[in-house]
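Hi,

Here's the structure I said I'd pass along.

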Amino acid sequence: MRLVGGPIEPRHIRAGLTGAALIGAVALTMAADVVASGLAGPAPDSRRASGFGPADLGRLRALTGLDGAAPATVRAALASAPLAWEPFYAAGAALLPRPEAAPLLQEAARRDPHAGGPHLALLGLAADRGGMTQVMVQLSALQRLDGVFGDGLAAKLGAHVARAADATQAAAALSGHPALVAPFLDGFARTQRPAALVLALVDALPAAALDDPRARASAVAEMVRIGAYARARALWLGGLRATARPQGPVYSPDFADLTAPPPFGWALQASDAGVAERDRARGLALTAYGRVAGPLVSQLVTAMPGRWRLQLVYAPQGGAAGVLRLRARCADDGAVLAERALDNGMAGPQRLDLPFVVPTGHCAAQTLEIAAQATDDARGQAVQVRQLRLSGPAPR
């Protein structure tokens with residue numbers, strides 16, 4: 001990857017990123033990223049170029065419209081080496097931010113697809129013209145050259161989406177560049193935009209844009225954050241195989257599938273509170289340490305208002321009774337709907353029933369969890385969990 005030793009200077013980025021409202025907002029931070037990444041180097045100097053020959057002089061003249069007025073340094077470079085990209089880049093950079101620079105920079109990029117400088121310059125030109133489609137084309141090229149840098153620029157762009165018009169324009173431009181969707185959405189999510197803007201962006205994204213599991217997870221998380229739980233679950237279901245679609249309100253109640261992502265799939269935790277992991281025999285193995293409180297396994301569901309019953313099948317594996325607790329909470333405010341301790345009791349499988357009521361008017365989604373509690377003597381508890389089912393009114 002040749003991203004150093006000829007990339008465009010930050011002043012060119014600043015000059016080029018002042019047109020469109022969305023992209024203009026990220027001009028200075030993008031320039032700062034160029035500097036921090038090491039991509040910023042000296043201005044392109046055609047005197048250091050090699051690989052051009054006299055046959056290319058006519059092409060340079062045609063591209064620039066300079067005819068015989070091509071800079072002497074560029075003419076000298078063309079006279080010395082027939083295949084180099086640097087003179088075209090040098091001539092294009094000298095014309096920035098004029099649109100006449102574009103064909104020169106495109107020729108430089110064509111001659112060496114691994115050179116980052118021409119793509120940075122073309123990105124600036126596209127931004128100056130408000131051309132979101134071309135911005136995405138150049139971001140995609142930069143991402144292929146340097147994934148971390150390209151992802152960072154895409155995230156910066158996502159973070160500055162502040163209007164529905166920005167969201168629509170960006171979503172359309174992302175079509176055809178699936179690798180940019182996930183970092184773009186990651187940047188957008190960090191800004192915690194209002195619900196209407198989140199919905200506008202997700203609705204505008206092409207369906208194929210969410211084929212990337214990371215992009216879909218970001219979109220689902222944003223829907224959950226704004227409380228659009230039914231939409232979030234529908235989007236989450238779209239990422240599952242048809243044969244994996246849940247038949248009830250709880251996904252994989254016997255824990256046979258732990259590959260479906262949270263929040264509507266099982267989330268297993270390993271922390272100071274304890275650890276949840278797949279049991280070799282069946283279900284889950286949960287160990288609470290008794291030192292601090294925290295959930296070990298959880299899942300988000302969208303149960304409609306009414307009376308429900310959680311049914312847990314588990315087998316005690318030792319330790320102090322009651323350190324682990326089965327709990328149902330409202331997702332919005334964390335209010336506990338019901339909870340009950342897991343006793344040790346007799347050896348072998350045990351069943352614990354936990355009835356609760358989902359209230360009308362709020363609590364559109366609920367978190368089902370088994371959580372560890374802190375104890376005075378820091379005694380733990382271990383159980384094998386085999387099933388966690390939810391029965392009651394039909395799920396939404």
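Before the notes, one term: pLDDT is the predictor's confidence in each residue, on a scale from 0 to 100, and by contact I mean heavy atoms within 4.5 Å. You'll need both, since this is a predicted model.

On confidence, the protein averages a pLDDT of 81, with 78% of the residues scoring at least 70. Residues 24–29 are one stretch to watch: pLDDT stays under 50 there, and the model gives them 11 contacts beyond four places in sequence. Over residues 34–57 the pLDDT is also below 50, and that stretch has 70 contacts in the model beyond near neighbours in sequence.

Now the overall picture. The protein has 15 helices and 11 strands. Of its 396 residues, 49% are buried. It exposes about 17,000 Å², and carbon and sulfur atoms supply 54% of that. If you take contacts between residues at least 6 apart in sequence, 71% of them join residues at least 24 apart.

I also took a closer look at one helix, α10, which covers residues 147–159. At the start of α10, a side-chain oxygen of Asp-146 comes to within 3.3 Å of the backbone nitrogen of Val-148. The buried residues of α10 are Phe-149, Gly-150, Leu-153, Ala-154, Ala-155, Leu-157, Gly-158 and Ala-159.

Cheers

Definitions and conventions: Residues are numbered from 1 along each chain as its sequence is written. This is a predicted model: local features need pLDDT of at least 70, side-chain atom pairs count only at pLDDT 80 or more; totals for chains, interfaces and linings use all residues. Side-chain values use heavy atoms; hydrogens and water are left out. Helices (H or I, at least four residues) and strands (E, at least two) are DSSP runs, numbered from the N terminus. The expected span of a helix is 1.5 Å times one less than its number of residues. Buried means under 20% relative accessible area, exposed over 50%, partly exposed in between (1.4 Å probe, protein chains only). A polar contact is a pair of N or O atoms within 3.5 Å; within protein, one must be able to donate a hydrogen and the other to accept it, and residues adjacent in sequence count only if both atoms are side-chain atoms. Accessible areas come from the Shrake-Rupley method with a 1.4 Å probe; for residues, only the protein chains shown count as cover.
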